Amino acid sequence: MLANYPNLSRVTEVLDSYLATRYPNHFGPEPTHPFANLKKFKVIHDNLWGTNRFSWRELLVMDSPILQRLRDIHQTGLAYYVYPSARHSRFEHCLGVTTVASRVFDSLVERQPELFDNFAKTLDGGGPTSALIQRLRSELRLAALLHDAGHSMHSHTSELVYSDIPMLQAAAKELTKLAGHAKNKGKGEVLSFCLSQTRAVRDLLARGQTKLLDGNGTDVVKMDNVSLLIIGRSGHPYTQFLADIISSDFDADKLDYLLRDAASAGLPLRYDLERYLSTVRVEPEYVADDEQHLLRLYESLGVAAKRESAGAHSAFEHYDSFVLRLPRQAMSTIEQIVICKFMLYSYIYHHRKVRAAEGLLARLLRRAVCSWRSAGMGDEALICKFLDLVDPSLHWPEFTAHKDNRVSGYCGRLITRQLPREIFGFVPNMFTHLRAEVIKDFTSRLLDPDQKKRAAAIAEFEESFGRELLKRNRGLGETWEEALLTAGAWLDAPTAPKFENVNLMVGARSGADNPIPLSSVFPIQSWIQAYEAHRYNVRVFAFSEYADDACICAKAAMKHVLKIDDTEFYDSMVKPR
Amino acid sequence: MDEQQVSLGEFVKQVASRIPDELHMPLKDEKPWHMLFYRLKKDSGLGKPVFFEDLEFDWVGPYPICQDLSDYIHALHFTGCMSAGNPTYDEISLNPGLAKKWAAEQLSGNLPGFIGRAMELAREEFAEQR
């Protein structure tokens, strides 16, 4: 499958080499794991989903270092600095997604059995439906288990730094072509995909097969299918609904993290999973493929999927597919999920102190990466380095005693929770008259999809900000960049919560042929607009000891950028202590 | 700003600021936006911005979807650059002051010609949805 994707192939080789060296007992030339014969399944309890069964195959992966390292990575990064109980890990999230994914799958099998009978005739050449269901379920659960395997310390914060590794960027571009949809946002997903493609994982599963108690491990999974599900694409257009269960707007990932993050943080947010399960359906859809990504994918997998000509259903050549849909009867659940997502962004992910802590960590990691590169570390070594890092790594001398005092200093601040303060900022919609246009124009540049343009808009403010800081205090450093680093000062413009492809997900009525956009029955655009208009914040942070100076300088810098001469205007952006 | 420098966001703003009164920019149904930008990506006209080479579309339904484009239209909406005053959120309109400001930006190279081409296609795509 990776034959035409050199960067994905290379990352997979790097991971194989890393796993063999780092964990020889599991993945080396003469592995000793699993030591004993395996049980066919074990029961694991979860605070959200209760008692759940995991198969020998899932246990093998779960008990390997690939998943075990996730025990030391907090699901919500540094959010525990604001919500002390939000200390749940990526590990329990992965188990939760596995449970929820199979509950969705089981619900579909129970309520649409005829569909799976038809799939068995088409996909498995007339084999028994039960065998097909077992294989698809196993592949789905394995994908759910591995979907976050590529995360590093403090989850999404380190993912920001993955963007500074060109090999991962190139691999993400290839993954986009392979999957036929954009995979540029979360580089951790690239690593999860490549980990699932390693020989290490395949060999581990093969060894496990021979270690079953009764020696009767004849069921098989196709790891290419597992890997594709992780990135939201199925190995056959008919089973695209499986990929939707793992990666879509109402996927098992979201169903787990919304409840888990809220419950762990102590926020009383809920949605009705039972209603979701009793209404979710598989429906036919036409999937266009004008750029021929899917054609190449199916050919590489040896899948004989019929390609339809352009016509009434699509203006492009396309495949008949089956996708996951929520019917109109699920509207109340959709509302709850949308509200939960907005609330979590506002309360947790975009909380000012969480943004401050994560911004500080991102700066620390970027400095550390620079120093590792100066010491001769290339992209491949950096990828391995990030797989070694877990949240407790912040306490390692590698960071606490780093020769770059920015790294060690920021590390000390993070460990002792001396976080920067929000000193200045605005909600783009808070102004009226002429000023509104200027601030909205500036915000439109801060949110440009082009990372370089966004960085340029931020730099326009930060350069002026840094120079003003230097004017007031020469002791902050030699350059404006140093002044900002010393003062722990930056401008923060986060990306807003998204609801990708939401309009493709809703059926008109349960079982109806003509799906309708969600926005036709639920005013999602107006909700997004109304919510973000009041909750989307552009903020300026600085360490407390520099806050007074930084506030004056931020006003001057903003005046430089916006070119409005009105003291009251800038005073209104100051955040009181 | 020329075809080498312009970003997706800047190009969207240039198109939006030139939409004539008789055309309406869709919001609720994003398909015309995606079809417009996919056609522009496939267009071989002079002055095509460089960013189109890397512009990625998702193939998950009957037509291509550009997530970056979708996100940016929503960003322009929730930041108040564009507003959906109509009760159904079918259409968006650009703040007149911003339209004037963006349309006045200096364009160079062959970019103005390509924006003209974009307006021709926008007339077709945006008109179809009404």
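**Why these labels? Reading chain A**

In this predicted model, the centres of domain 1 and domain 2 of chain A, taken over C-alpha atoms, are 41 Å apart.

Student: Which residues belong to each domain of chain A?

Tutor: Domain 1 covers 6-266, and domain 2 is made of 420-496 + 536-577.

Student: Why is A:Ala262 called buried?

Tutor: The cut-off is 20 or more other C-beta atoms within 10 Å. A:Ala262 has 21 such neighbours, so A:Ala262 counts as buried. This residue sits in helix 14 (residues 252-265) of chain A. Beyond four places in sequence, A:Ala262 touches A:Leu267, A:Leu269, A:Cys340 and A:Leu344. A:Met343 is 81 residues away from A:Ala262 in sequence, with 9.2 Å between their C-alpha atoms.

Student: And why is A:His560 put in the class "partly exposed"?

Tutor: Buried needs 20 or more, exposed needs 12 or fewer, and partly exposed falls in between. With 15 other C-beta atoms within 10 Å, A:His560 is therefore partly exposed. You will find A:His560 in helix 27 (residues 547-562) of chain A.

Student: How many helices and strands does chain A have, and what makes the chain as compact as a globular protein of its length?

Tutor: Chain A has 28 helices and eight strands. Its radius of gyration is 25 Å, close to the 25 Å that the globule rule gives for 577 residues, so chain A is as compact as a globular protein of that length. The C-alpha trace spans about 75 × 55 × 45 Å along its principal axes, and buried residues make up 48% of the chain.

Student: What does chain A bring to its contact with chain B?

Tutor: On this side, 46 residues of chain A are in contact with 35 residues of chain B. Strand 3 (281-288), helix 16 (293-301), helix 22 (433-446) and helix 26 (524-535) of chain A each supply at least two residues. By class, this side of chain A has 17 nonpolar, 16 polar and 13 charged residues.

Terms used:
Residues are numbered from 1 along each chain as its sequence is written. Chains are lettered from A and ligands numbered from 1 in the order in which they are written. This is a predicted model: local features need pLDDT of at least 70, side-chain atom pairs count only at pLDDT 80 or more; totals for chains, interfaces and linings use all residues. Helices (H or I, at least four residues) and strands (E, at least two) are DSSP runs, numbered from the N terminus. Two residues are in contact if their C-beta atoms, placed from the backbone, lie within 7 Å. Ala, Val, Leu, Ile, Met, Phe, Trp, Tyr, Cys and Pro count as nonpolar, Asp, Glu, Lys and Arg as charged, and the others, Gly among them, as polar. Domain bounds come from an automatic or database domain assignment. The radius of gyration is taken over C-alpha atoms; the globule rule is 2.2 Å times the number of residues to the power 0.38.
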